[in-house]
Amino acid sequence: MRYLAFALLLLAPMLSSAAIQKADEVVVYKSKSLMQLKRNGRVLKSYKVVFGENPRGHKVMQGDERTPEGRYTLDWKNPKSRFYRSIHISYPNAQDKARARRLGVNPGGDIMIHGIKPQWKGMESYLTKMNWTDGCIAVTNREMDEIWAMVDTPTPISIYP
């Protein structure tokens, strides 16, 4: 029995990393404040998310506090984000840039999935009840740890109204 316990102890790191299922797609439903991590069309994990202070509609320009809508890519991770960890969304794409050019505005950028600033830790339950970002998608720091482990880059992300 002691040898079995010892063997399981040695295997634990391999078993825990093998147990983490990687998402091959992320889907966000803004109207439901919902983000789903999926693999082969099956939902692995769902999260309540918050957005910018002006969440309705597609992001058009810097400062509009909207989250983009459409199909993008989660293309890089920032472990030293000013918020707790962040994963970059590939906004603006060519269509977004063309629209902004036609309107004579800056499309903005730096749209991320991220956690909460470490100095705001005591405010997590409050911040999950309101849209407070400048257009990013925010989750709790514990949730960001899960997302970080389950989402590699590049991964497609679809953001629906």
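The structure holds seven salt bridges, a salt bridge being a side-chain nitrogen of Lys or Arg within 4 Å of a carboxyl oxygen of Asp or Glu. This is a predicted model, in which local features need pLDDT of at least 70 and side-chain atom pairs count only at pLDDT 80 or more, while totals for chains, interfaces and linings use all residues. Residues are numbered from 1 along each chain as its sequence is written, and side-chain values use heavy atoms, leaving out hydrogens and water.

- Lys30 pairs with Glu69 in a salt bridge, with 2.9 Å between the closest N and O atoms.
- Lys30 sits in the loop between strand 1 (25-29) and strand 2 (34-39), and Glu69 in the loop between strand 3 (42-48) and strand 4 (70-78), so the pair ties together parts 39 residues apart in sequence. (Strands, E, of at least two residues, and helices, H or I, of at least four, are DSSP runs numbered from the N terminus.)
- Both Lys30 and Glu69 are buried (buried means under 20% relative accessible area, exposed over 50%, partly exposed in between, with a 1.4 Å probe and protein chains only).

**A buried pair**
- Lys59 and Asp64 form a salt bridge of 2.8 Å, N to O.
- Lys59 is buried at 2% relative accessible area, and Asp64 is buried at 11%.

**A helix and a loop**
- Asp145 and Arg85 meet in a salt bridge through their side chains (3.0 Å, N to O).
- Asp145 belongs to helix 4 (residues 141-150) and Arg85 to the loop between strand 4 and strand 5 (86-89), so this pair links parts 60 residues apart in sequence.
- Asp145 is partly exposed at 31% relative accessibility, and Arg85 is partly exposed at 23%.
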